[in-house]
Amino acid sequence: MKRHARLLRTVVVGGASLAMTLSLAACGGSGGSSGDSDTIHVLVYGDATNRVEKQLVDTFNKTSKVKAVLDTVPGADYQSKLQTLISGKQAPDVFFNWGGGSIKPYVDAGLLMPLDDFIAKDPGLKSNFLPSVFDTAVVDGRPYGVPMRGTQPVLLFSNKKVLREAGVTAPRTWDELLAAVKALKAKGVTPIALGGGDKWPTQMWFQYVYDRVAGPELFAKALKGDKDVWASADSRKALGMLKELIDTGAFGTTYDSVKFTDGGSPALLATGKAAFELMGSWEYSTLQDAYPDFVKNDLGYGTFPAVEGGKGDPANLAGNTNNFYSVLKSTDHPEAVAEFLKLMYSDEFVKAQLSVGNLPTTTNTPEFLGTSADPEYSTYQYDLVKKAPAFQLSWDQAFPPAATTTLHQAVQQFFNGQMGTDAFIAAMQRLPAA
């Protein structure tokens with residue numbers, strides 16, 4: 001949803017998706033503790049694209065003696081539920097994650113299976129994915145994840161009808177964004193929808209402004225434990241720009257009571273109550289599921305605005321390089337799990353993901369771009385990812401989970417005025433190194 005969500009960070013929207021919840025009593029992947037001796041449990045983030053996971057599970061079960069069971073947790077609860085389940089008797093065999101810092105604690109705890117042996121038997125589990133994406137789930141030199149779903153750059157989505165009526169075009173620069181905010185406010189429209197109640201959508205604004213001002217190097221140093229970068233001139237400049245945007249009223253006044261995970265912020269965009277939303281590429285599938293006519297007629301999308309004089313290349317991306325399936329060391333059925341993971345580079349997988357607006361990072365993806373839900377959108381994303389000089393993993397996924405609460409609280413409190421520049425810098429300096 002991404003979320004954070006994330007990623008993916010795709011999120012629960014619509015009654016059908018909300019109904020897809022995890023039956024904890026059914027989870028028995030760890031040593032077959034629930035008596036499911038001939039099953040593997042696959043735990044995924046619950047959202048509008050779960051139908052693709054269900055399709056692949058059904059395909060697997062047609063030929064496998066060991067059956068796969070798909071368990072979903074609503075997006076807003078996924079990370080906390082995973083942390084509760086993963087070391088207990090109800091642990092899954094395979095689980096959805098974002099790679100990077102999101103799995104390192106589990107690797108350090110000895111809970112995950114390195115996939116070297118799987119790859120030795122089937123090199124396609126590595127060679128059929130773009131290397132830059134596959135490597136996101138490499139920890140301490142060993143692979144712990146196979147890409148699933150698709151790459152999820154964060155884009156600036158828009159309501160083209162609202163923009164036309166306000167005489168506004170999609171902003172290419174930060175100054176154009178500020179001008180658009182002024183024009184939209186004059187028309188009585190909230191310029192930018194924000195699911196601030198989830199916190200991670202707010203974080204997206206920090207990720208991009210910091211990249212455009214300072215380039216990717218600042219955050220790379222912060223991940224390695226360099227505390228000084230948060231107090232640098234570039235950091236202060238980025239925070240000053242964010243404060244200026246907030247103070248213009250760009251996000252309205254009630255954004256902290258709005259969530260993406262319950263469909264609130266996408267609804268503002270789709271119904272014309274807001275003009276823009278900065279969100280992961282899963283926004284497309286979320287809106288396609290809930291507002292198909294809007295997607296067909298008035299959904300616009302583009303990259304984050306450039307910052308004049310900034311060090312970051314305007315072609316840089318932020319978001320989630322992909323989602324991954326990782327495997328618990330305690331699974332009773334590693335052979336079946338390995339067979340299941342092979343589906344993640346199959347033609348069926350690629351076509352199914354494209355049909356819901358996701359963009360797989362398999363090497364065969366270009367063959368099927370024309371079959372996607374929106375070939376123009378899929379091709380646009382693919383070209384962005386292919387050409388991006390840098391692709392920054394979402395901050396809360398790049399840092400270990402122990403950093404999430406501090407990070408989320410800091411971005412929220414800075415946005416709503418409870419925390420000033422110096423306090424924000426101090427909070428970020430307390431984050432643990434990845």
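**Note on the sheet, the pocket and the cavity**

1. P147 stands opposite F324, a residue of strand 12. This pair belongs to a predicted model, and the points below describe its surroundings. Strand 12 covers residues 323-327, and its pairing with strand 6 is antiparallel, with three bridges between the two.

2. What is the order of the strands in the open sheet? Its five strands run 2-1-3-12-6, and the pairing is mixed. Strand 2 (67-74) and strand 6 (146-148) are the edge strands; each has a single partner, so one side of each is left without a neighbour in the sheet. On average, neighbouring strands of this sheet are turned by 30° against each other, direction ignored.

3. Helix 3, made of residues 78-85, packs on this sheet. The helix touches strand 1 (39-46), strand 2 and strand 3 (94-97). The direction of helix 3 makes about 150° with that of strand 1.

4. The largest pocket holds about 700 Å³ of space. Which of its lining residues are the closest to the centre? Of the 29 residues in the lining, these are S132, D135, T136, T321 and F391. Two or more lining residues come from each of helix 7 (131-134), strand 4 (138-139), helix 11 (217-223), helix 18 (375-387) and strand 13 (391-393). Sorted by class, the lining of this pocket has 17 nonpolar, eight polar and four charged residues.

5. The largest cavity has a volume of about 80 Å³. Its lining is formed by Q207, Y210, D211, G215, P216, L218, F219, L317, A318, Q392 and W395. Helix 10 (200-214), helix 11 and strand 11 (317-320) are the elements that give two or more residues to this lining. Which element gives the most to the lining of the largest cavity? Helix 10 does, with three residues. By class, the cavity lining has seven nonpolar, three polar and one charged residues.

6. How many salt bridges does the structure hold? There are twelve. In one of them the side chains of D108 and K104 meet, with 3.1 Å from N to O. Both residues lie in helix 4 (residues 104-108), and because they are four residues apart, about one helical turn separates them.

Technical notes
Residues numbered from 1 in each chain as written. Predicted model: local features only at pLDDT ≥ 70, side-chain atom pairs only at ≥ 80, totals over all residues. Heavy atoms only, no water. Pairing = 2+ DSSP bridges. Axes fitted to C-alpha atoms, helices over the stretch in contact; angles between N-to-C directions. Contact = heavy atoms within 4.5 Å. 1 Å grid on protein atoms, 1.4 Å probe; cavity = no way out; pocket = protein on both sides within 12 Å on 5 of 7 lines; lining within 4 Å. Points joined across faces, edges and corners; volume = space filled by probe spheres on them. Nonpolar A, V, L, I, M, F, W, Y, C, P; charged D, E, K, R; others polar. Salt bridge = Lys/Arg side-chain N within 4 Å of Asp/Glu carboxyl O.
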